[in-house]
Amino acid sequence: MHYVALLSGGKDSCYNLSHCNAHGHHLIAAATLSPQSGKDEIDSYLYQTVGQDAIEFVARALDVPLYRRVIQGDAIEQNAEYGSRSAGGVGVMGDETEDLYTLLKDVKVHHPDVQGVSVGAILSNYQRVRVEHVCRRLSLTPLAYLWQRDQAELLSEMIAAGIESVLIKVAGIGLTVKHLGKTLHEMQDTLTRLNNLYGLHVCGEGGEYETLTLDSPLFKHRIVLDETEVVMHSDNDFAPVAYLRIKRASLHPKEPSSDERVEIPPLLEDRFGELKDIVNNPVLEEEENRSSGAHNPPSNNSHHIPDQPSTRAVGSWLAVGNIHPGPPLDLEIPLDQQVRNCFIQLQEILESRDLRMEDVSNITLLLPSLAPEIFATANKAYAEFFGVSPPSRACVGVDLHKGVCVMLECIAHKENSDVKTRKALHVQGLSYWAPANIGPYSQAITPCVFVSGQIGLLPPSLTLPSPPSLALETALVFQHTDRVIRAANNAGGHVLLSLYWLVDNADVMHVQRACEKFGEETPMLFLVVASLPRGARVEKQVLVHTGCFTIPDEDDEDTFTQISRIPEFLSGDIHVERTTVATTSTTPSVLNWQVSRFDVPGTLQCAVICARGHPSPEDALELKNLPSLSAFWETALSARLFHRVDDDFSTNSSHVLFGDRDMPAVTSIPCRYIGTRGSDEQWDWAMALVGV
């Protein structure tokens, strides 16, 4: 794609251009924001302004037109999010982010074919969120290939790639005026030593230093600083703040570079590469003995669904299940209108509980197919109901009842008005890290970490592996999930529930093997459905808890203590004797149960129950009497009830299990195969429970 470079002149913005070039993108312009005339630097939260007196030389060295704008706004919105969570929200008037919007809008006027924006962000969520907000409003794709990269590796790669950048500002412990003008190569050992001593960010991500790039593989000329002046801003003994004022610079000819290659990081980390190999060998052997593409079509989809949504509130949490357009079912109603109908119902339910759409944490969207035109149509209507930081989501194609084209379920949480705890990881740029969202959803929502369904896309291109590879897709969904969890919460977290959606029964055993290799003990299900986004073969959806809790002190209820806990995982089988009224004979049944929980009262817990046959009163009694599960019958918030698509699963099954009192929000989901970990058993039904 044609793209514009968002230039600061520093090492990151220039090195990212080399990665854009490596992926076949074409640079057509540069854009930058500068302080007002007469100011070398301003205290901006978003932009590097030191060195702006040389930025024109960087653009000329790249041989592209430069578009400039003076920063007029201030950092008005300083929170993690930018803009409104409400649908249709725009920017914040008077904020410095809006200067970037005006600048890039001007670039689009002069270059209507521009599609992307090169961004050098490495760790700054503050910067990433604001640039992505602007790009979304202008229908531009952020190209952020440095995002979440290891800084030590990145610094070495920059130097090896021929990025010649010099320090033009110092503001970190251990850095002094004598380091100004030094190249990255000259500073590498010093930066590494300061990192070991004080935790200094070797790429300056903590604001410890700023750079100006004098040469790079993409430069047609190299820059020479002919005259500079040191400006001391703060003469501190430990961390003085000083910068170079560029008084005079010039461009000098350079030999054309014969090697513009950059080091592309490995697609898979070592541990996920090992996981791929474990899955790959048996898959290759199996595919030699069977034809590909057998997706086990259903023999019947006559199951019934309740007419009304199912709701359950526990404390500040609300779950809503079984939302669909409802009767009368008019097959002539377009899909986008049916999606809107579902969300209008959801809005009304939320408002009746003093909640709003922006309080929704997670959504499961069920469609009859995820063919590209259906997926695109549903996403377009879906996006009308959310602004920034939309909920996490799993989108799955299932064999819905004839005439039903959309069904969804969700979990929402009411925030304390004084303490805002909801945070979203909503990454929209192309990178090596993990896939950008391919719909109106966030990768993760906290405080309880709801992680969106991850499929095996290649992050730089958002395409599936070619040729198709279950082993690589599986390794990627594990890696993507792991990286999203770590990015959403620096301390990581504990997976409490895992759902693996697949499209082929034969793939289940291989993904199960991957779970065993990865050492997953959490309650989990393997669910074969009709289709997944982009034609993927596997999608992984998890619910995570950080394990961190704030509890009142035993001696003083006004004092709170931070504690950390590890969840316990329990599982077992129950053999149930069912009495058949007609014959007075008994039929043995097996209930498999798995639980994840903390020993902290009132916190998140999850369970999975699998069984053969239809749910019976005997099943319900056995489950209620099991100490490890009894709590769910009081605090169960939501229940996704999976059942065989070829079975006429009656609507009162949830009532059999829970009775009419305190029943969780139930969503009935037809599947072509239901399995769980540690067993090749195919179950008739299963339930994934979330309790609080």
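Where is the place of Ser-139? I found Ser-139 in the loop between α4 (125-137) and β5 (141-143). Helices here are DSSP runs of H or I with at least four residues, strands are runs of E with at least two, and both are numbered from the N terminus.

Before going on, I noted that this is a predicted model, where local features need pLDDT of at least 70, side-chain atom pairs count only at pLDDT 80 or more, and totals for chains, interfaces and linings use all residues. Residues are numbered from 1 along each chain as its sequence is written, and side-chain values use heavy atoms, with hydrogens and water left out.

Most residues other than glycine have a negative phi, and most peptide bonds are trans. Ser-139 has a positive phi of about 55 degrees, and it is exposed at 61% relative accessible area. My cut-offs: buried is under 20% relative accessible area, exposed is over 50%, and partly exposed is in between (1.4 Å probe, protein chains only). I also looked up Gln-148, whose phi is positive too, near 65 degrees. Gln-148 sits in the loop between β5 and α5 (151-160) and is partly exposed at 31%. Then I checked Ser-466 and Pro-467, which are joined by a cis peptide bond with omega about 0 degrees. Pro-467 lies in the loop between β17 (449-455) and α10 (470-488).

**An open sheet**

Next I traced four strands that form an open sheet in the order β7-β6-β9-β8, with antiparallel pairing. Two strands count as paired if DSSP finds at least two bridges between them. β7 (209-215) and β8 (221-234) stand at the edges with a single partner strand each, so one side of each has no neighbour in the sheet. Between β6 (residues 164-170) and β9 (residues 241-253) I found two bridges; Lys-169 has Tyr-243 in β9 as its bridge partner.

I went along β10 (residues 310-314) and saw the side chains alternate.

**Salt bridges**

Side chains of opposite charge can pair when their charged atoms come close. I used this rule: a side-chain nitrogen of Lys or Arg within 4 Å of a carboxyl oxygen of Asp or Glu. The count comes to 33 salt bridges.

Which side chain does Glu-227 meet in a salt bridge? Glu-227 meets Lys-247, at 3.9 Å from N to O. Glu-227 is in β8 and Lys-247 in β9, so the pair ties together parts that are 20 residues apart in sequence. Glu-227 is partly exposed at 34%, and Lys-247 is partly exposed at 48%.

I also noted Glu-520 and Lys-540, whose salt bridge is 2.7 Å from N to O. Glu-520 is in the loop between α11 (508-518) and β19 (524-528), Lys-540 is in strand β20 (residues 538-545), and the two are 20 residues apart. Are these two buried or exposed? Both Glu-520 and Lys-540 are buried. My last entry is a network: salt bridges with shared partners join Asp-226, Glu-227, Glu-229, Arg-245, Lys-247 and Arg-248.
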